[in-house]
Amino acid sequence: MKMKLLGEMIPDPVSDTITSATLVHVVASSATDLILTTTGAVIVGRIHIPANGSIDLVKDSTDTVTCPTSFCTPIAYIS
């Protein structure tokens, strides 16, 4: 799967929309929990990411991400 970069990586985001992206590549430098919340501060969910692990997170453009010890990059998939 190829990725198109849509912006700069954001280190250690706290309540960040990640440039309103709907797809975010997350790389954890140490074990961490990612928390996804709505604009009304309602927790959508949490996921644990192990040290040196990565995930691609699908979210709404207004949802916010909190994920210490990580780098989050807005992306899109291309064929």
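Author: Contact here means heavy atoms within 4.5 Å, and I will list contacts leaving aside neighbours within four places in sequence. This is a predicted model, in which local features need pLDDT of at least 70 and side-chain atom pairs count only at pLDDT 80 or more, while totals for chains, interfaces and linings use all residues. Residues are numbered from 1 along each chain as its sequence is written, and side-chain values use heavy atoms, with hydrogens and water left out.

Reader: With that meaning of contact, which residues is Arg46 in contact with, and where is Arg46 placed?

Author: Arg46 is in contact with Leu34 and Ile35. Its place is in strand β5, residues 43–49, where a strand is a DSSP run of E with at least two residues, numbered from the N terminus.

Reader: Why is Arg46 called exposed?

Author: Exposed means over 50% relative accessible area, buried means under 20%, and partly exposed is in between, with a 1.4 Å probe and protein chains only. Arg46 has 57% relative accessibility, and therefore it counts as exposed.

Reader: What makes Ser70 buried, and what does its side chain reach?

Author: The relative accessible area of Ser70 is 0%, so Ser70 is buried. Ser70 is in strand β8, residues 70–78, and its side chain reaches the backbone oxygen of Cys67 at 2.6 Å. A polar contact is a pair of N or O atoms within 3.5 Å; within protein, one must be able to donate a hydrogen and the other to accept it, and residues adjacent in sequence count only if both atoms are side-chain atoms. Ser70 is also in contact with Ile10, Pro11, Asp12, Pro13, Val26, Val27, Ala28 and Ser29, leaving aside its neighbours within four places in sequence.

Reader: Why is Cys67 called buried, and which residues does it touch?

Author: Cys67 has a relative accessible area of 0%, and for that reason it is buried. Cys67 is found in the loop between β7 and β8 and, not counting residues up to four places away in sequence, touches Asp12, Pro13, Val26, Thr32, Asp33, Leu34 and Ile49. The C-alpha atoms of Cys67 and Pro13 are separated by 5.6 Å, although these residues are 54 residues apart along the chain.

Reader: What makes a set of residues a nonpolar core, and how many residues has the largest one here?

Author: A nonpolar core is a set of buried Ala, Val, Leu, Ile, Met, Phe, Trp, Tyr and Cys residues joined through side-chain atoms within 4.5 Å. The largest one has 14 residues, and those with the most contacts inside it are Val26, Leu34, Ile49 and Val65. Two or more residues come from each of β3 (23–28), β4 (32–37) and β6 (54–58), and β3 gives the most, with three residues. In soluble globular proteins, nonpolar side chains tend to be buried together. The contacts of Leu34, leaving aside neighbours within four places in sequence, include Val26, Ile49 and Val65.

Reader: How do you know whether Asp12 and Thr19 are buried, partly exposed or exposed?

Author: Asp12 has a relative accessible area of 43%, so it is partly exposed, whereas Thr19, with a relative accessible area of 52%, is exposed. Asp12 lies in the loop between β2 (10–11) and β3, and Thr19 lies in the loop between β2 and β3. Phi of Asp12 is near 50°, a positive value in a residue other than glycine, and Thr19 has a positive phi of about 55° although it is not a glycine.

Reader: What makes up the nonpolar surface patch?

Author: The patch, of about 370 Å², is made by Met1, Met3 and Tyr77. Patches are made of residues with over 30% relative accessible area and no salt bridge, with like charges joined within 9 Å and nonpolar side chains (Val, Leu, Ile, Met, Phe, Trp, Tyr) within 5 Å. Areas come from the Shrake-Rupley method with a 1.4 Å probe, and for residues only the protein chains shown count as cover; a salt bridge is a side-chain nitrogen of Lys or Arg within 4 Å of a carboxyl oxygen of Asp or Glu. Met1, placed in the segment before β1 (2–5), has a relative accessible area of 80% and is therefore exposed.

Reader: Why is Ser79 called exposed?

Author: Ser79 has a relative accessible area of 90%, so it is exposed. Ser79 is found in the segment after β8.

Terms used
Helices (H or I, at least four residues) and strands (E, at least two) are DSSP runs, numbered from the N terminus.
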